[in-house]
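Hello,

I am passing a structure on to you. Please look through it first, then read my notes below.

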Amino acid sequence: MWLYDKQPFYVPPDITCLTPVLTPADSGDGVGILNEKQIHATLKSYFAATLFDKEIKIGSYFADLVTENGIFEIQTANFSYLVPKLNTFLKASHVTIVYPFHKKSRLNYVDKATGEILSSGRNVTASDMTDFFLELYRIRQYLNDPNLTVCIADIAVENLRYCAKDMKRRKTDRKVAVPTSLLRLTFLEDSDSYRCFIPEGLPETFTLKEFRKCMRSGDAGIAIKILQYVGVIDYIGKRGNEYLYKTVSYTHLRAHETGRNLVCRLLLEKKKNNTQNTKKKIKKKHVWQRRVRKKKEKRRNEYTGRKKRRKNKVNT
């Protein structure tokens, strides 16, 4: 198995920048000038240098933050809303999309009349990244853009459920997610940094079933699609009825390639693709010829069968 030693850019969070934002209580109606929830507003204040960096108009859209490091967009869900923004922002500056991932969470039942905590659940640690891959799929056409960076912010969250004293769930109950700490920041800056999502123990060539087995949790199908889009995984054919994939081993060398090597590699890839296409065409042609042959044999057998039946009738 080919081993890759490069890791994504992990940054330990600066807790001093995060704690002042967490002290005010959440009213539940959202905070910020655009009715933002507390997780969104907390991360925005964490990445902002000053108060004047927030909600800057670029073109016909408002950016969450504009700093010396570029444009920051904090998006908790629905990356499809970012598509029209990215068309404008990527032409102007470098864009960083911050995605808060609820790494640790706990559910607390709070009396909505008195504010007293009625019950506290246990801490749950999440490892399923399916939602994150689904969001990336919505902006898949921009993932290979050099001006785009995706930042995963691992946070610990207290889920407060304001209910009556009997703790029965009702439609009128209010739910509030309050971030308590920032655990880690992961920056995905290029295609090679996505290799952190390749599970350990995966063979060099593998099927979807083998990938799912090594992944243990999450949707393996959407994960493979995203890794294909960024060029970390390549489709190489079939093993029986299953699709066969392999990990691409040469992408880390592309940044250091000379012009001559780059041209040679592109020519080799083009030749490989052409040979694969011709093989597929020949295979399709053989399959089609086989089907035509079978149909002709079937018609011939039916015709001879009819002849025999007529002879038998005449003889009787």
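Predicted model: local features only at pLDDT ≥ 70, side-chain atom pairs only at ≥ 80, totals over all residues.

Met167 sits in the loop between β8 (148-163) and β9 (174-188). Phi of Met167 is near 60 degrees, which is a positive value in a residue other than glycine. Its side is neither buried nor exposed: Met167 has a relative accessible area of 33% and counts as partly exposed, because that class runs between 20% and 50%.

Asn78 also has a positive phi, of about 55 degrees, and is not a glycine. Where is Asn78 found? It is in the loop between β4 (70-74) and α3 (83-92). Asn78 is partly exposed, at a relative accessible area of 28%.

Lys175 is part of β9. Is Lys175 buried or exposed? It counts as exposed, because its relative accessibility is 61% and the cut-off for exposed is over 50%.

A second pair is Ile39 and Thr76. They lie 37 residues apart in sequence. In space the distance is 8.3 Å, C-alpha to C-alpha. Ile39 belongs to helix α2 (residues 38-47). Ile39 is buried, because its relative accessible area is 9% and buried means under 20%.

Which residues form the positive surface patch? They are Arg290, Arg291, Arg293, Lys294, Lys295, Lys296, Arg299 and Arg300. Take Arg291 as one of them. Arg291 lies in helix α7, which covers residues 259-315. Its relative accessible area is 57%, so Arg291 is exposed.

Last, the cysteines. How many disulfides does the count come to? Zero, with a disulfide taken as a pair of cysteine sulfur atoms within 2.5 Å. Cys151 is buried, with a relative accessible area of 0%. Cys196 counts as partly exposed, at 29% relative accessibility.

Go on to Lys175 in β9. Then turn to Ile39 in α2, and end at Arg291 in α7.

Best wishes

How values were computed: Residues numbered from 1 in each chain as written. Heavy atoms only, no water. Patch = residues over 30% accessible without salt bridge, like charges linked within 9 Å, V, L, I, M, F, W, Y side chains within 5 Å. Areas by Shrake-Rupley, 256 points an atom, 1.4 Å probe, with all protein chains shown as cover. Salt bridge = Lys/Arg side-chain N within 4 Å of Asp/Glu carboxyl O. Lys, Arg positive; Asp, Glu negative; His and termini not counted. Charge placed at Lys NZ, Arg CZ, Asp CG, Glu CD. Helix = DSSP H or I, 4+ residues; strand = E, 2+ residues; numbered from the N terminus. Buried < 20%, exposed > 50% of the residue type's maximum accessible area, 1.4 Å probe, protein only.
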